[in-house]
Amino acid sequence: MQNQSSPLILTFGVLDPVGALGVQADLATFAAHGCHALSVPTALLVADSARVEEMHELDTGWMADQARVVLEDMPVAAVKIGAIASIEQAAAIAEIVSDYADVPLIVDPFLSSLPDAGMSDEDTVAAIRQILAPQATVLMLSQSELGRMAESWREPGTDSTLEAEVAELTGRGCQYVLVTCTQGSGHNRANSLFDRDGMVTTIDWQHLPGPFVGAGTTLSGALAALMAQGLDAPEALAAAQEYTYGALRHARRFGMGKFVPNRFHRTQFVLGRQ
């Protein structure tokens with residue numbers, strides 16, 4: 001018997017019956033990196049491998065109580081915030097994580113698998129920008145999600161550059177903004193990391209045909225796991241991108257829908273099951 005030595009990571013997110021998204025996906029990604037997940041669900045999905053049909057919000061008071069109980073019992077090395085279902089949940093989580101300002105906080109709040117990408121509630125989007133993003137070590141958004149969030153502060157009918165939209169977020173306190181799925185060199189895609197001074201690094205990756213469900217969740221989960229082990233954001237991004245690309249290359253189709261990233265592909269490779 002021994003005390004827990006693996007880094008503990010608290011993750012807030014949805015419960016997905018397929019295991020492609022949310023806390024179940026984080027459980028696998030964290031484990032693949034030698035970390036242990038402490039999970040607090042925010043909503044229940046009605047979903048299969050093809051689509052998400054519905055999302056049912058869980059009680060905010062219950063969610064907050066569960067997080068407090070876990071945090072009072074165990075020290076965490078990182079916190080990840082995935083999809084949330086309401087402004088009330090955003091406010092409760094923001095209050096909780098404010099007590100752990102020294103712990104890396106990775107915020108990946110939107111699910112592209114939802115019909116509206118989880119961005120239909122303007123008040124919730126605004127709350128994420130105003131009270132969660134300023135506390136984030138890394139805020140992860142796709143380019144389209146960043147543009148949608150920017151609508152909450154832009155004057156109607158005006159345009160702005162990606163750099164200006166990122167600067168709005170880092171100027172409010174967010175340490176890093178990770179913008180995914182930008183145009184890379186040639187036919188590649190790119191993930192670009194920004195801080196207050198501008199672009200820190202950009203990593204090209206070859207576009208894979210898919211279609212996939214859970215690719216973004218895999219990337220943010222790996223990022224959280226690597227930062228929990230002491231890597232800074234640029235180092236963690238490089239390793240997380242390599243891991244995610246491998247998970248997508250070895251993805252599996254469980255049903256008639258999309259491919260699910262194989263988060264244990266490294267273990268299976270070592271054991272000779274490719």
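Reader: What makes E168 and R172 a salt bridge?
Author: Their side chains meet at 2.8 Å, N to O. The term asks for a side-chain nitrogen of Lys or Arg within 4 Å of a carboxyl oxygen of Asp or Glu, so the pair qualifies. This is a predicted model, in which local features need pLDDT of at least 70, side-chain atom pairs count only at pLDDT 80 or more, and totals for chains, interfaces and linings use all residues. Residues are numbered from 1 along each chain as its sequence is written, and side-chain values use heavy atoms, with hydrogens and water left out.

Reader: Why are E168 and R172 called partly exposed?
Author: Buried means under 20% relative accessible area, exposed over 50%, and partly exposed in between (1.4 Å probe, protein chains only). E168 has 24%, so it falls in the middle class. R172, at 43%, is partly exposed too.

Reader: How many salt bridges are there, and what makes E151 with R148 one of them?
Author: The structure holds five. In the E151–R148 pair the closest N and O atoms are 3.9 Å apart, which is within the 4 Å limit. E151 is partly exposed, because its relative accessibility is 47%.

Reader: And what about E165 and R154?
Author: Here the closest N and O atoms are 2.6 Å apart, and the pair is a salt bridge. It links distant parts of the chain: E165 is in helix 6 and R154 in the loop between helix 5 and helix 6, 11 residues apart. Helices (H or I, at least four residues) and strands (E, at least two) are DSSP runs, numbered from the N terminus.

Reader: Is E165 buried or exposed?
Author: Buried, because its relative accessible area is 7%.

Reader: How do you know which residues T244 touches?
Author: Contact means heavy atoms within 4.5 Å. Not counting residues up to four places away in sequence, T244 touches A215, T218 and L219. T244 sits in helix 8 (residues 233-249), and with a relative accessible area of 5% it is called buried.

Reader: Where is T267, and why does it count as partly exposed?
Author: T267 belongs to helix 9 (residues 265-270). Its relative accessibility is 42%, so partly exposed is the label.

Reader: What do the buried residues of helix 4 pack against?
Author: They pack against strand 4 (78-81), helix 3 (87-97), helix 5 (143-150) and helix 6 (162-171). Helix 4 covers residues 122-132, and its buried residues include V125, I128 and L132.

Reader: What makes a group of residues a nonpolar core?
Author: A nonpolar core is a set of buried Ala, Val, Leu, Ile, Met, Phe, Trp, Tyr and Cys residues joined through side-chain atoms within 4.5 Å. The largest one here has 41 residues, and L10, F12, V79, I81, I93, L132 and L139 touch the most other members. Helix 3 gives the most to this core, with six residues. Apart from it lies another core, of 25 residues, among them F30, L178, I203 and L226.
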